[in-house]
Amino acid sequence: VPKHCFERNTLTALRYTFTDIAVAAALFYASSFISHPALPWFAPLILWPIYWVCQGCILTGLWVIAHECGHRAFSDNFVFGDLVGLILHSSLLVPYHSWRISHAKHHQNTNSMESDEVFIPYTRTEVGTFQPWDEFPNPASVALRVVQIFKMLTFGWPAHLIYHATGKKYGRYTSHFDPWAPLFRDNQRHLIILSDAALLTVLSVLGYLGWTNGFGWLFCVYVVPYLIVNMWLVLITDLQHTDI
């Protein structure tokens, strides 16, 4: 790998960040015309899914930029990098510092069946040899597997944040939103509180926008792209940690 690939460049990182933000803003602006009365009645049925996929992909790019902030790759100024990461991740309902800390521990314990913080596979004892879809006819078996995949891609990431699903077992309730969770050291708890405060701010803004513009509108312009971001995040990460 060329040496220059390991050199941080804040201006280059900001260029990519603002490019993604500009595209996301343009897509958001374009979405305001989807229900325009001049368009045929079926236009929203086509245009909303296109918006969701495109916006979800662009926001995934911003998620990944925040990921690089967490890895201290965004800038030589780590405080500035953390500020960018906090803003980007909070806007996507991710507790930045909580994730950054547990993610670093994940990299320190990759492939550990006891200490990994993200992907600890179930053991044979926990799962057993029987799977519920094994007893179903083939079409039903396929349908059940599709449901399982949908559940993982839709709720897997929030479940990991809320109760540390698939992560290290601490013997007690563990959440990325709890400053006193065993995930964190005493000198890190103020960062968890900061992340929670940033999330509450974003949720308050979203709630206000939903109240003033309609929660159906909020669902279309934000919630569905947010779910697509989660889908890409879980899918990419699962493929990275799965032996196919």
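Predicted model: local features only at pLDDT ≥ 70, side-chain atom pairs only at ≥ 80, totals over all residues.

Modeller: The sulfur of C57 lies 6.9 Å from the closest cysteine sulfur, that of C54. C57 has 37% relative accessibility, so C57 counts as partly exposed.

C5 is a second case. The relative accessibility of C5 is 48%, so C5 also falls in the partly exposed class; the cut-off for exposed is over 50%. Across the structure there are 0 disulfides. C5 is accordingly in none, and the nearest cysteine sulfur, in C69, is 18 Å away.

Now the helices. Two packed helices are described by the angle between their axes and the distance between the axes. Helix 3 covers residues 78–91, and helix 7 covers residues 189–213. The two pack at an angle of about 45°, and their axes are 9 Å apart. Helix 3 and helix 7 are therefore oblique to each other. The crossing of helix 3 past helix 7 is right-handed. On the helix 3 side, L86, S90 and S91 make the contact. Helix 7 contributes L194, S195, A198, L199 and V202. By class, the residues of this contact are 5 nonpolar and 3 polar, with no charged.

Note on methods: Residues numbered from 1 in each chain as written. Heavy atoms only, no water. Axes fitted to C-alpha atoms, helices over the stretch in contact; angles between N-to-C directions. Helix = DSSP H or I, 4+ residues; strand = E, 2+ residues; numbered from the N terminus. Parallel < 35°, antiparallel > 145°, perpendicular 65-115°, else oblique. Left-handed = near helix turned anticlockwise from the far one by under 90°. Contact = heavy atoms within 4.5 Å. Nonpolar A, V, L, I, M, F, W, Y, C, P; charged D, E, K, R; others polar. Disulfide = S-S within 2.5 Å. Buried < 20%, exposed > 50% of the residue type's maximum accessible area, 1.4 Å probe, protein only.
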